[in-house]
Amino acid sequence: MHMSLMKAKEYLKSYGLENQIMEFSVSSATVEEAAKAVNCKEEEIAKTLSFIVEDKPILIVVAGDKKIDNSKYKAEFHTKAKMIPFENVEELIGHEVGGVCPFGIKKDVQVYLDTSLKRFPIIYPACGSSNSAIKLTIEELEKVSNYNKWIDVCKSV
């Protein structure tokens with residue numbers, strides 16, 4: 001089993017949610033692939049995006065049909081949106097691109113939830129690997145993501 005998936009699973013076990021994790025024989029690295037694997041709408045996939053703010057890594061969990069709105073992002077974080085380079089994501093966050101999620105991450109990573117997720121009773125974030133996801137309610141996501149706060153930094157794709 002993938003190390004990152006094991007970390008996420010171990011972390012979710014403390015909330016009794018490890019049985020909600022789905023593993024696929026196909027890739028779920030992109031929103032489109034994940035929606036096919038889970039058999040849900042693309043917007044119900046919760047993408048976790050990684051940025052650097054004041055030299056610190058942060059994660060923003062957003063709905064699958066949204067992308068970062070630079071002016072809203074700047075208003076929230078008082079800086080330009082700067083994504084973590086592909087090759088540094090695993091080192092800074094604890095998961096590699098395609099499996100980034102707010103579960104089992106490095107201690108200093110701040111997590112934010114975008115209001116675009118609030119439209120759905122159930123969402124599906126990745127779970128540490130590029131072929132996994134977990135089925136969560138918004139309340140469960142709030143509990144297990146250890147999030148800082150809800151923010152509004154997205155626009156439609």
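Q: Which residue forms a salt bridge with K9?
A: Start with the general idea. Side chains of opposite charge can pair when their charged atoms come close. In this predicted model, the partner of K9 is E23, and the closest N and O atoms are 3.3 Å apart. E23 sits in strand β1 (residues 21-23) and K9 in helix α1 (residues 3-13), so the pair ties together parts that are 14 residues apart in sequence.

Q: How exposed are E23 and K9?
A: E23 is partly exposed, at 44% relative accessible area. K9 is partly exposed as well, at 22%.

Q: How many salt bridges does a search of the whole structure find?
A: The search finds 6. One of them joins E10 and K13, with the closest N and O atoms 3.9 Å apart. The cut-off for a salt bridge is 4 Å, so this pair counts. E10 and K13 both belong to helix α1 and are 3 residues apart, about one turn of the helix. K13 is partly exposed, with a relative accessible area of 45%.

Q: Which side chain meets D152 in a salt bridge?
A: That side chain is K72, at 3.2 Å from N to O. Now place the two residues. D152 lies in the loop between β9 (149-151) and β10 (154-156), and K72 lies in helix α3 (residues 70-77), so the pair ties together parts that are 80 residues apart in sequence. D152 is partly exposed, with a relative accessible area of 42%. K72 is partly exposed too, at 31%.

Q: Is K66 buried or exposed, and what is the nearest side chain of opposite charge?
A: K66 is buried, and the nearest side chain of opposite charge is D65. Apply the distance test. D65 is 4.7 Å away, and a salt bridge needs a separation within 4 Å, so K66 has none.

Q: Where is K66, and which residues does K66 touch beyond four places away in sequence?
A: K66 is in strand β4 (residues 66-68). Its contacts beyond four places in sequence are K47, S116, R119, C154, K155, S156 and V157.

Q: What is the order of the strands in the open sheet?
A: The general idea comes first. Strands of a sheet pair through backbone hydrogen bonds, either parallel or antiparallel. Here the open sheet has 6 strands in the order β8-β6-β2-β3-β5-β9, and the pairing is mixed. At the edges stand β8 (136-137) and β9, each with a single partner strand, so one side of each has no neighbour in the sheet.

Q: In which sense do β2 and β6 pair, parallel or antiparallel?
A: β2 and strand β6 (residues 122-125) pair in the parallel sense, over 2 bridges.

Q: What is the phi of N39, and where is N39 found?
A: N39 is not a glycine, yet its phi is positive, about 70°. N39 is found in the loop between α2 (31-38) and β2 (45-53). At 71% relative accessibility, N39 counts as exposed.

Q: What is the phi of E54, and where does E54 lie?
A: E54 has a positive phi near 50°, and this residue is not glycine. E54 lies in the loop between β2 and β3 (56-63). E54 is exposed, with a relative accessible area of 67%.

Key
Residues numbered from 1 in each chain as written. Heavy atoms only, no water. Helix = DSSP H or I, 4+ residues; strand = E, 2+ residues; numbered from the N terminus. Buried < 20%, exposed > 50% of the residue type's maximum accessible area, 1.4 Å probe, protein only. Lys, Arg positive; Asp, Glu negative; His and termini not counted. Contact = heavy atoms within 4.5 Å. Pairing = 2+ DSSP bridges.
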